[in-house]
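The exercises below ask you to work through a two-chain model step by step.

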Amino acid sequence: MLLLILKRIGLGLITLFIVSLITFVGVEVLPGDACTTYLEREAYGAALDACIKRLGLDVPAYERYLDWASNVIRGDFGYSLSGEMPINEVLGPRVKNSLVLASVSILIGIPLAIVLGIITALWRDKLPDIMISTITIFSMTIPEFISATLLILIVAIWLGWLPGIVIIPSDATFYELLSNIILPVVAISMIMTAHMARMVRSSVIQVMASDYVQMAILKGVPYWKMVFRHVLPNALLPAINVVALTIAWLLGGVVVTEVVFNYPGLGRLVIESISNRDLPVVQALAIILASIYVGINLIADLMTLMLNPRLKSLQIRK
Amino acid sequence: MESNLITENKQKNKLEKAFEILKTMASKPSGLIGLTIVLFHVVLALISPYIAPYDYKAISPNTMLLAPSAEHWFGTDSLGRDVFTRTILGGRTALTVTFFGSLIALLWGGLLGIFCGLVGGKIDDVVMRVVDAFLSIPWILAMLLIVSLLGTSTEVLIPALGFFYGKGIVRVARAATHDVIAKDFIVSARARGHSNLSIIWNEIIPNVRDAILVEGAMRWSWMLLGFSSLSFLGFGVSPPTPDWGLMISNARGLMSFAYWSVIAPIVGLSSLIIGINLTADAFAKALGIDRSTKAPV
């Protein structure tokens, strides 16, 4: 068991190492280095020299990588080119804002998805299922920027209920944030809920068809007792991994949603840093977002291991 | 003569099988709706240059932000361009880019996956680690980085999208190969002394093709989503190319009083994505592959 956990963590670390190599090599191989890309037409003479000096581009690539990597491990991402301040200071408030947005969306999304998934599975092919499933298909297939734009058009412009865009500085307080994030949260959790509800649905349907549930029915276990005792624990367990993958996948969608609502989080920083051609920030973001992805998957793996008695005893026997 | 007959029969069988699959797909309402939408968009994309009533890049200050009327069915945008013309041409851009992108993704992802599944061992381990690493970089960040460094033209976008959406196919192809590889016919092909290449071509590809095609159909809709998101963010095709993502992002600021120029591309893009999704689902079901429990990686 412990060995298995250590192995999972090790694999995650290897993945992160390769991500850091890919982003570093990618920036290195693609035409232009951080300085010429950032300075564009002014990339000559003293300005270029100063920039090269500051970023240490005059030392060989592998030395720079080792230097950068060892700093990152210590939690130092270096300097942002456009803001001319430490990347950590740029990132801090952004990470907090995105965390607020993501956690509120997840807190709403996961319970809602479980309830919807169970309802659609238990009333399979009946009216509630057909209605909810149609809605989920629509909300999971329509791109984030379209549902967000439609939300703004309908709720903010036509109905005038809520502000359409977020106009708060990136260092806003938690309370200021909460009153501003209703529409972004709706946009994100809509898609997330739809994805997860579909997985819960098919997982519950699979378990309902299994032998032990049939056995329970034949034994005369009351319907709801069977659902809560026999079906749900077995159905929700395999869903954990898939839910984690979905959340991680939606990181990309969060970027788009943040841009649509002008929300000062990590996602908008991605677009800003790429528009400003601020490659050190882009590298830092790649590592951070990849760590979130790896972290979420790791947590899901561990949760499945801990919660599944069968897997546990299997590992011990091995 | 006889062998000719056999190949003819084989081809007829293939056609019949394809027709059979189409029939199964259309037998359910969701599949029928999906197929109809996709067919509609494909036909529209093919004929749109000939039926477009206006020039898609003709700017005119006299026709700015006109509401829908008999002359301009979907109204005009902030530069006085006909929204109907640009909407029907927008599908052409989206379908071309994502079709060729998916083709590239299917080819390299499928072949690499089959290869990894077949050889296994160290090579397989290394490739899968790299694929995992690529999977853990959010698609949007990677795409933005490639596009911002190499420029935004369809010649860059198609291979970039194809490369990025192929990495998930590697996994599916590899898993499907693993399922077949232990079967008797592979063992006997090996015993007959066939080379790896011949085994891949004659034994493995026919058996993993369905799984890979279903995955490719799914990727197609995600790629469309990714491509239009890029355009929306201003990193996709460059103006004045008629493109839905670009149209939505341009018209968004004015939608409080000119909502028509944002609604038309929204309807176009949403219907195409939903159509492709329904078709892919029906396709998977017709081939007997359940993908409802898979995460969108």
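**Exercise 1.** Characterise the packing of H7(A) against H9(A), giving the angle, the handedness and the residues in contact.

*Solution.* The model is a predicted one, and the geometry here is read from fitted axes. The axes of H7(A) and H9(A) lie 10 Å apart, and the two helices pack at an angle of about 140°. Since only angles over 145 degrees count as roughly antiparallel, H7(A) is therefore oblique to H9(A). The next step is the handedness, and here H7(A) passes H9(A) in a right-handed crossing. On the H7(A) side, the contact is made by Glu144(A), Ser147(A), Ala148(A), Leu151(A), Ile152(A) and Val155(A), and H9(A) supplies Leu183(A), Val186(A), Ala187(A), Met190(A) and Ile191(A). Sorted by class, this contact has nine nonpolar residues, one polar and one charged.

**Exercise 2.** Carry out the analysis for H3(B) and H10(B), and state how the two helices are oriented.

*Solution.* Begin with the axes: helix H3 (residues 83–119) of chain B and helix H10 (residues 260–286) of chain B come within 10 Å of each other along their axes, which cross at roughly 30°. The cut-off for roughly parallel is an angle under 35 degrees, and H3(B) and H10(B) are therefore roughly parallel to each other. The crossing of H3(B) past H10(B) is right-handed. In H3(B) the residues involved are Val83(B), Thr87(B), Gly90(B), Gly91(B) and Ala94(B), which meet Trp260(B), Ser261(B), Ala264(B), Pro265(B), Gly268(B) and Leu272(B) of H10(B). By class, six of the residues in this contact are nonpolar and five are polar, while none is charged.

**Exercise 3.** Describe the side of chain A that touches chain B: how many residues does it have, and which element gives the largest share?

*Solution.* Count the residues to begin with: 44 residues of chain A are in contact with 39 residues of chain B. Next, assign the chain A side to its elements; those that give two or more residues are helices H1 (2–29), H6 (127–141), H7 (144–158), H9 (182–208), H11 (223–249), H12 (251–260), H13 (266–275) and H14 (279–307) of chain A. The largest share, seven residues, comes from H14(A). Finally, the classes on this side of chain A are 32 nonpolar, 10 polar and two charged residues.

**Exercise 4.** Locate Asp125(A) and Asn262(A), and decide for each whether the residue is buried, partly exposed or exposed.

*Solution.* Most residues other than glycine have a negative phi, which gives a reason to look at exceptions. Asp125(A) has a positive phi near 65° and lies in the loop between helix H5 (87–122) and H6 of chain A. Asp125(A) counts as exposed because it has 8 C-beta neighbours inside 10 Å. Asn262(A), with a positive phi near 60°, is placed in the loop between H12 and H13 of chain A. Its 14 C-beta neighbours inside 10 Å mean that Asn262(A) counts as partly exposed.

Note on methods:
Residues are numbered from 1 along each chain as its sequence is written. Chains are lettered from A and ligands numbered from 1 in the order in which they are written. This is a predicted model: local features need pLDDT of at least 70, side-chain atom pairs count only at pLDDT 80 or more; totals for chains, interfaces and linings use all residues. Two residues are in contact if their C-beta atoms, placed from the backbone, lie within 7 Å. Helices (H or I, at least four residues) and strands (E, at least two) are DSSP runs, numbered from the N terminus. Ala, Val, Leu, Ile, Met, Phe, Trp, Tyr, Cys and Pro count as nonpolar, Asp, Glu, Lys and Arg as charged, and the others, Gly among them, as polar. A residue is buried if 20 or more other C-beta atoms lie within 10 Å of its own, exposed if 12 or fewer, and partly exposed in between; C-beta atoms are placed from the backbone. Axes are lines fitted to C-alpha atoms, for helices over the stretch in contact, and angles run from 0 to 180 degrees between N-to-C directions. Angles under 35 degrees count as roughly parallel, over 145 as roughly antiparallel, 65 to 115 as roughly perpendicular and the rest as oblique. A crossing is left-handed if the near helix is turned anticlockwise from the far one by less than a right angle, and right-handed if clockwise.
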